[in-house]
Amino acid sequence: MLDTTGSKNLLLLVQLRWLAIAGQFLTILLTHYLFRILLPMTAMLGVLAGLVLFNGLSMFWLRWRQRIDDVTLLAAMLLDVLCLSVQIYLSGGAANPFVSLFLLQVVLGSVLLERWSSWVVVAVTCAAFALLTVFYRPIVLPVDYPVTLFRLHIQGMWVCFALVAVLLVLFVTRINRNLRERDAHLAAMQRQAVEEDHIVRIGLLASGAAHELGTPLSSLSVILGDWRRSPRIAEDPELAEELREMQAEVQRCKAIVTGILLAAGEARGEASAATSVRSFFGRVAADWQAARGFAGLRYRDTFGPDLPIASDTVLQQALFNLFDNAVEASSEEIVVDLAREGDALTVTVADRGPGFAPAMLDAIGTPYNSTKQRRGAGLGLFLVANVMRKLGGTMTARNRPEGGAEIVLRLPLEALALTEDGDGR
């Protein structure tokens, strides 16, 4: 996820600059023509023309550059300080009441910039103010002017105060919103890092369990195979059936251990092979239904023309977890829809259960987010969400208006594309 806080803040500066240009243009015209105070119109309007050109270029630049760093923001603000200094120099120097606009630059710098660069703005504005007390073009009032320069200064101070107050409330509020969005972005990244660390720990635990359970499960599989070939057991149909069930359960235990290892580790299993979208997802649904003995699975394929992909053991295990969660919520029926949306495929799993609680929907895909009371509950959807994230996809959940819950997996087709050697990426 790209942090666009800098570009948003620069866009706010561009908007503020448009207001400043309009305000300065109006003030110059009113001062020169309405109040009959002679100003160097050519020079002051030339500065405004330069700001208009710079603002136009800034808007064009923002269209293709999404990430704006602190140095760029500092340069833009220093340009504003320079232009304001020139305008104040041409209109009375430090005696101009609009010299207080330097404070607006300082406040914006303290909010937008890093600590070192905000102090640069402070230093530059202080130096500019000091220079304007010595170097400036004095204002010359007409001889018959009805208002004293001091009273005109007080009126200008009021206008400047009102302007600064409005701009601060308007733009600092929006800047704070951008900063809150950035903080939320950083918090999401930190939460993702914690979740990935959790996955690593699950992978280590699963790896240890695999080493511990692999040998006895293999031994049991060999022993049960030998027993099935025994004439005594072959002559007893009831005993032979029980032996077949035992073999099936052993194979299921081995598959579960393998699936946990894959889901907790890499996003692509080692056993990838060439297949197609409709074949892969149809087989996954059929295998799950056969393994669980659940007759209420309705599988609908509206994907359209088939496409070649690489089979993915981890994705299969993630779908198994998703189907298991749906069955636990709704023992009557679950509906699985395979469809295509542009360059992505979608798998929608809907059940007829009670739906998700609002708190669960807000934290969907986080570990141990479950209403089940048993130990370790809540990892199924967490592993599904992690697999989708590793493959560049998304997982969304909602409660259906007609009742029950619905989870949608959206996966780019390129994530399952075949490589030149016919294997998965």
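Biologist: What volume does the second largest cavity have in this model?

Modeller: The model is a predicted one, and every value quoted here is computed from its atoms. For the second largest cavity, the volume comes to about 30 Å³.

Biologist: Which elements give two or more residues to the lining of the second largest cavity?

Modeller: The residues that line this second largest cavity are Phe-281, Leu-315, Leu-319, Leu-345, Val-347, Met-388, Leu-409 and Leu-411. When elements giving two or more residues to that lining are picked out, the answer is helix 10, strand 5 (344–351) and strand 7 (405–412).

Biologist: How many residues of the lining of the second largest cavity are nonpolar?

Modeller: Sorted by class, the lining of the second largest cavity holds no charged residues and no polar ones. The nonpolar class, in which Leu, Val, Met and Phe are counted, has a total there of 8.

Biologist: What is the volume of the largest cavity?

Modeller: With a threshold of 30 Å³ or more, the structure holds 2 cavities. The largest cavity has a volume of about 40 Å³.

Biologist: Which element gives the most to the lining of the largest cavity?

Modeller: The lining of the largest cavity is formed by Phe-281, Val-284, Ala-285, Tyr-299, Leu-319, Phe-323, Val-336, Leu-338 and Val-347. Two or more of these lining residues come from each of helix 9 (277–292), helix 10 (313–329) and strand 4 (334–341). The element that gives the most, with 3 residues, is helix 9.

Biologist: Which class do the residues lining the largest cavity belong to?

Modeller: The lining of the largest cavity has no polar and no charged residues. Its 9 residues are counted as nonpolar.

Technical notes:
Residues numbered from 1 in each chain as written. Predicted model: local features only at pLDDT ≥ 70, side-chain atom pairs only at ≥ 80, totals over all residues. Heavy atoms only, no water. 1 Å grid on protein atoms, 1.4 Å probe; cavity = no way out; pocket = protein on both sides within 12 Å on 5 of 7 lines; lining within 4 Å. Points joined across faces, edges and corners; volume = space filled by probe spheres on them. Helix = DSSP H or I, 4+ residues; strand = E, 2+ residues; numbered from the N terminus.
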